[in-house]
Amino acid sequence: MSDAIVQVENLKKSYGSVEAVRGVSFEVREGEVFGLLGPNGAGKTTTVEILEGLRKADDGRVRVCGLDPQGSGAAFQNVFGAALQSTALPEKLRVDEALALFASFYPKRRDPDELIRRFGLEEKRKAFYSQLSGGQKQRLALALSLVNEPRVIFLDEPTAGLDPQVRREIYDIIEELRQEKKTILLTTHYIEEAERLCDRVAVIDHGKVMAMGTPRELKARSAGTTRIEVRLAQPEDDGALRRLDAVTDCHSLDGSYVLHTTHTPQTLVALVKHLESRGNELQSLEIHSPSLEDVFIELTGRRLRD
Ligand code: ATP
């Protein structure tokens, strides 16, 4: 496709006997935020680091702005910006020095002062890297990823390990970049992050893409069912619950039963009657409209957790 900034075709990478990436394909188009959503160990970092030229693929084809990350030398460094999963800068490097240093590597560069203002780091301009909070370090990492006016930005787990308030601050910054039509590939294991920030998402698990589309498309694909999650006083047979009115599927998950229904009131009435007849009791009940998390559970049989 002509407007694809990042192209990944049948990418494979193993570490000894661990098949980290097993035939991954996707494209990131100009001006979109594309998310790789998956649990730890799914192969996200490996994929992104191959795109950044930090690791070599075993097989498949990757291009970033039409360039091969392994064979394009300095030209390649100029087209992308990256915030790695853990940006480790020297402890005694000051914020303004870090930006000036990174800017000096590139022919085309943004004004470090503008980036300092933009990322709310004015008060920390002269602070050592070691004196920054987790959120400030991440804001600096984002500022550094923009310093060479890149055509595409790779953000590997940009909010991992940050507390919820700081995470929302980072979301706002990425949201702004999205409004400016920057092309971004981000990896995350947070459903909320994928849903809120990404135009399109690839759900990745065990080194494979399980599904791809806009968050809305992925949710629409989740059979359009509402999910009723119940905890019961005593165990029940999945099969009996599956036969209740309007239930399309039922499985147990972490001690709960998850019922998918096309008609919530009918299923609730049938469930209560069934439990009464068995002398069983509801301990808790939650009703969820289809979410990206449901899609993930349907695809992988697992929840995404921190
Ligand atoms: P995380 O968010 O935890 O980094 P991820 O989805 O980014 O997860 P990867 O870091 O790509 O996943 O790891 C994929 C698999 O490859 C995991 O099983 C991991 O243990 C393994 N792996 C990654 N790097 C190496 C390495 N240098 N040597 C050996 N195994 C590795």
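Helices (H or I, at least four residues) and strands (E, at least two) are DSSP runs, numbered from the N terminus. Ala 246 sits in the loop between helix H9 (238–242) and strand S11 (247–253). Its phi is near 70 degrees, a positive value in a residue other than glycine. The model is predicted: local features need pLDDT of at least 70, side-chain atom pairs count only at pLDDT 80 or more, and totals for chains, interfaces and linings use all residues. Residues are numbered from 1 along each chain as its sequence is written, and side-chain values use heavy atoms, with hydrogens and water left out.

A positive phi also occurs at Glu 157, which is not a glycine; the value is about 50 degrees. Glu 157 lies in the loop between strand S6 (152–156) and helix H6 (164–179). Glu 157 is buried, at 5% relative accessibility. Buried means under 20% relative accessible area, exposed over 50%, and partly exposed in between (1.4 Å probe, protein chains only).

The ligand is surrounded by 14 residues, the closest being Gly 41, Ala 42, Gly 43, Thr 45 and Thr 46. The shell comprises five nonpolar, six polar and three charged residues. Here Ala, Val, Leu, Ile, Met, Phe, Trp, Tyr, Cys and Pro count as nonpolar, Asp, Glu, Lys and Arg as charged, and the others, Gly among them, as polar. A backbone N or O atom of Gly 43 lies 2.9 Å from an oxygen atom of the ligand. A side-chain N or O atom of Lys 44 is 2.9 Å from a ligand oxygen. Arg 55 places a polar side-chain atom 3.2 Å from a ligand nitrogen. Taken alone, the ligand exposes 620 Å², of which the protein buries 63%. Accessible areas come from the Shrake-Rupley method with a 1.4 Å probe; for residues, only the protein chains shown count as cover. Strand S2 (18–29) and helix H1 (44–51) are the elements that give two or more residues to the shell. H1 gives the most, with three residues.

The search of the whole structure finds 20 salt bridges. A salt bridge is a side-chain nitrogen of Lys or Arg within 4 Å of a carboxyl oxygen of Asp or Glu. Asp 96 lies in helix H3 (residues 95–104) and Lys 126 in the loop between helix H4 (112–118) and H5, so the pair ties together parts that are 30 residues apart in sequence. Asp 96 is buried at 16% relative accessibility, whereas Lys 126 is exposed at 52%.

Arg 196 is partly exposed, at 30% relative accessibility. Salt bridges that share partners join Asp 172, Glu 175, Arg 178, Arg 196 and Asp 199 into one network.

Methods. Near = heavy atom within 4 Å. Polar contact = N/O pair within 3.5 Å; in protein donor to acceptor, adjacent residues only side chain to side chain.
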